[in-house]
Amino acid sequence: MFASLSHRNYRIYFVGALVSNIGTWIQRVAQDWLVLELSGGSAVAVGITTALQFLPALLLSPGGGLLADRVDKRLLLAVTQTWMAASALVLGVMAIAGVARTWHVYVIALVFGIGSAVDVPARQAFVTEVAGRANLTNAIGLNSASFNAARLIGPGVAGLIIGVWGSGWAILTNAISYAAMLLALMALHVADLDRTKPVARAKGQVREGFRYVAARPDLLVALGVGFAVGTFALNFQLTNAVMVSKEFGLGARAYGWAGSVMGIGSLAGALLAARRSRAPALKCVVGASLVFAVLLGLLGFMPGYWTYLLLLPLVGLAGLLTMTATNMFVQTTSDPSLRGRVMALYAMVMMGGTPIGAPLMGWLAQVFGPRAPLIGGAVLQVATIGAVLVVVRARFGSADQWRPAGSVDQGAAPADEVPPEVALPPE
């Protein structure tokens, strides 16, 4: 379960990422609560904020992935982490000073999202360098464990900070937490990094990533699952906020506890994923996403706060297993020279769908009530995955005709073993 931690570089990176992730979750809770306060409790305003923060992922991730394939990922991450720290610092200071308005949060969320759009594919691809290719699957699982341990700790801490000092101080805490990641990047032994050869500059390299994925039906299905989950299911900052405040009539601490309780299930899912010696088969990715959708829909029918909390860990477990399985499948079956661009497309569909889903979920909450985003999101998730499967099967035939067969029927092959015939189609 913890094999990757035997590497000094990965241990340092893991600790830095854990501290930074805790700060990120503190800000996610605090930013949404701040918007609710500034907008008079508008769920649509929370949805718009989330959409603006993730909109750059839809527009800039392919370029960010190419940048990750071209340049030193460690230095690139230092730049993006500093960018996001500065964004959090500005918003935190404005909130503490009492001058923040809803539109200020919109603008800073967009600026923050620009840094994140470049940071995410670089971090995904950098995992191989700090952990080594032999431990990649385990490292992906431990990264998810780090993120979800932070989800377990962060919201509860955010609720306490907001309750005592206010949202601004919680956001400022995130700005400070980026120092841990920056120090970790500086402390890495550069000579021990398992670096891939940088991609030389050439025309059409972004298109090359699109063409590679377009020729891989298995990746198309996995990315379709990522889009459905990221767009319609992963809106818990909004759904938890409106359920706790509107449906159950509770405050910031109850909202923070909802996030922490959900993090228990997510952390358990991450640790289970870390035990895998190889990536799951594609059918497991699809199956996990359907189980997640069923639990998400059931969550929308919970009658009270305590029954809602009771089901949240199972929802967190199913959601995390779905996301980690999809991430593992995409990352371990991609050509190493294209991994940055492929992971950028993965980030684009996972995060880039949020500008569509978050306002839609906010509108559903505003018009039909707080339960509608959970129930409606589950239905839309299943419908989208079904549509993707129909389209891919119509184009490529049945699943046994898809390549690489090992990644579909017998678990994912290592990235370096992807057969050359699936690399790129001719122009």
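# A walk through an all-helix chain

Helices (H or I, at least four residues) and strands (E, at least two) are DSSP runs, numbered from the N terminus. This is a predicted model, where local features need pLDDT of at least 70 and side-chain atom pairs count only at pLDDT 80 or more, while totals for chains, interfaces and linings use all residues. Residues are numbered from 1 along each chain as its sequence is written, and side-chain values use heavy atoms, leaving out hydrogens and water.

**The whole chain**

Of the 427 residues, 60% are buried. Here, buried means under 20% relative accessible area, exposed over 50%, and partly exposed in between (1.4 Å probe, protein chains only). Now think about contacts, meaning heavy atoms within 4.5 Å. Among those between residues at least 6 apart in sequence, 87% join residues at least 24 apart.

**Stop 1: a nonpolar patch**

Select Leu58, Leu59, Leu60, Trp83, Trp103, Val107, Leu110, Val111 and Ile114, which make a nonpolar surface patch of about 790 Å². Patches are made of residues with over 30% relative accessible area and no salt bridge; like charges are joined within 9 Å, and nonpolar side chains (Val, Leu, Ile, Met, Phe, Trp, Tyr) within 5 Å. A salt bridge is a side-chain nitrogen of Lys or Arg within 4 Å of a carboxyl oxygen of Asp or Glu. Which helix gives the most to the nonpolar patch? That is H4, with five residues. Helix H2 (43–70) and helix H4 (102–131) each supply at least two. Click on Leu60 in helix H2: its relative accessibility is 36%, so Leu60 counts as partly exposed.

**Stop 2: aromatic pairs**

Next, show the aromatic side chains. The structure holds nine aromatic pairs. Rings of Phe, Tyr and Trp (its six-membered ring) pair if their centres lie within 6.5 Å; planes under 30 degrees apart count as stacked, over 60 as edge-to-face and the rest as tilted. Select Trp33 and Tyr255: their ring centres are 5.5 Å apart and their planes at 25°, so this pair is stacked. Trp33 sits in helix H1 (residues 8–38) and Tyr255 in helix H10 (residues 252–274), so the pair ties together parts that are 222 residues apart in sequence. Both Trp33 and Tyr255 are buried.

Move on to Tyr305 and Trp306, an edge-to-face pair because the ring centres are 5.4 Å apart and the planes at 70°. Tyr305 is buried, with a relative accessible area of 11%, whereas Trp306 is exposed at 69%. For one more view, select Tyr10, Tyr13, Phe14 and Phe126, which form one aromatic cluster.

**Stop 3: Thr231**

Look for Thr231 in helix H8 (residues 217–232). Is Thr231 buried or exposed? At 0% relative accessibility, Thr231 counts as buried. The Thr231 side chain reaches the backbone oxygen of Phe227 at 2.7 Å. Leaving aside residues up to four places away in sequence, Thr231 touches Val349, Gly353, Ile356 and Gly357.

**Last stop: Glu208**

Finish in helix H7 (residues 205–214), where Glu208 is found. Glu208 counts as partly exposed, at 23% relative accessibility.

Note on methods: Accessible areas come from the Shrake-Rupley method with a 1.4 Å probe; for residues, only the protein chains shown count as cover. A polar contact is a pair of N or O atoms within 3.5 Å; within protein, one must be able to donate a hydrogen and the other to accept it, and residues adjacent in sequence count only if both atoms are side-chain atoms.
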